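Let's walk through this structure together, one feature at a time.

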Amino acid sequence: MDIMYLLRDLKSHSELSTYAFRYGLDRVAVGNNLEQRVLAIGGFLLENPQTPGILGDNLTYEIVDDVISKTVLNNYFFKTDNNEFVNYPQLRRLLLKDGFVIEDGILTRTFETDIDFNTNETLLGKLLDKHNLETAKGHYNQANNAFNRGDWAACNSQLRSYVEELFNALAEKITGLHFSDSQSARTALSQCNPPLFYKGLNEWLDNGQGFFETFWKRLHPEGSHPGLSNEYDSIFRLNLVQISTLEILRRYDQNCI
């Protein structure tokens with residue numbers, strides 16, 4: 001919603017009316033004040049993410065692109081030295097989560113993909129809730145919050161704690177056993193019937209070289225806390241953890257219940 005607040009900051013009532021008419025949102029942008037009107041637009045876009053735009057693209061993308069392009073020209077709202085939004089410091093990192101960066105004042109896709117971070121995050125949360133994995137969910141939410149505020153070390157630490165807690169909890173649910181160390185729990189996920197780590201797909205090879213073996217090492221080779229203070233390394237870990245653990249939760253949900 002930070003984009004909608006930027007739109008509010010950039011427009012007067014009359015300018016917002018013209019803006020809404022341009023995008024066919026004049027019947028949506030209603031309310032007693034600017035905040036209500038822009039939030040109504042934001043709510044519509046969230047509920048209708050596939051609405052086509054006026055330029056042949058997605059309407060949400062067109063509006064975000066337009067708001068960003070106008071904001072970066074205004075030093076009151078945007079710092080060009082570090083690409084930060086003055087009143088909304090988390091916005092740049094939220095855009096990065098969605099696969100966008102600002103380069104030379106232009107909103108640019110970092111890669112073309114069908115992966116939807118927010119949709120996956122919603123599915124992940126539903127599965128964690130469904131199977132009463134509250135502690136794991138707490139670590140994941142803390143990792144997201146740490147990323148949003150730019151605390152890379154804390155994000156990396158919470159991601160590792162999330163994965164460790166998730167795999168331990170799933171191993172205990174499946175086997176009924178308590179594991180004294182997380183390595184034993186992960187090994188159990190490759191040996192249970194049905195397994196959650198597939199040896200036939202090189203996901204677990206018992207030699208440290210399988211996907212989920214190296215996945216664990218990649219989260220940090222020296223443990224949770226030393227994490228690299230790097231934005232791009234952190235978003236890589238966040239995406240890797242989200243996609244990988246969502247697949248494991250889907251397997252558990254479909255095959256082990």
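**Reading the packing inside**

A: Welcome! Keep in mind that this is a predicted model.

Q: Which residues have the most contacts inside the largest nonpolar core?

A: They are Tyr162, Leu166 and Phe167, in a core of 40 residues. At least two residues of this core come from each of α6 (117–130), α7 (134–148), α8, α9, α10 and α11. The largest share, 10 residues, is supplied by α8. Apart from this core lies another, with 30 residues, including Val64, Val72, Tyr88 and Leu91.

Q: Which residues of helix α10 are buried, and why are they on the same side?

A: First the general idea: an α-helix has 3.6 residues a turn, so residues three or four places apart point the same way. In α10 (residues 211–219), the buried ones are Phe212, Glu213, Phe215, Trp216 and Leu219. These cover an arc of only 160° around the axis, which puts them on the same side of α10. Their packing partners are α8 (152–175), α9 (182–191) and α11 (231–255).

Q: How many disulfides are there?

A: A disulfide is a covalent bond between the sulfur atoms of two cysteines. Here the count comes to 0. Cys192 is in no disulfide, and the nearest cysteine sulfur, that of Cys256, is 5.9 Å away.

Q: Is Cys192 buried or exposed?

A: Cys192 counts as buried, at 11% relative accessibility. Cys155 is buried too, with a relative accessible area of 0%.

Terms used: Residues numbered from 1 in each chain as written. Predicted model: local features only at pLDDT ≥ 70, side-chain atom pairs only at ≥ 80, totals over all residues. Heavy atoms only, no water. Buried < 20%, exposed > 50% of the residue type's maximum accessible area, 1.4 Å probe, protein only. Helix = DSSP H or I, 4+ residues; strand = E, 2+ residues; numbered from the N terminus. Arc of directions from axis to C-beta. Contact = heavy atoms within 4.5 Å. Core = buried A, V, L, I, M, F, W, Y, C linked by side-chain atoms within 4.5 Å. Disulfide = S-S within 2.5 Å.
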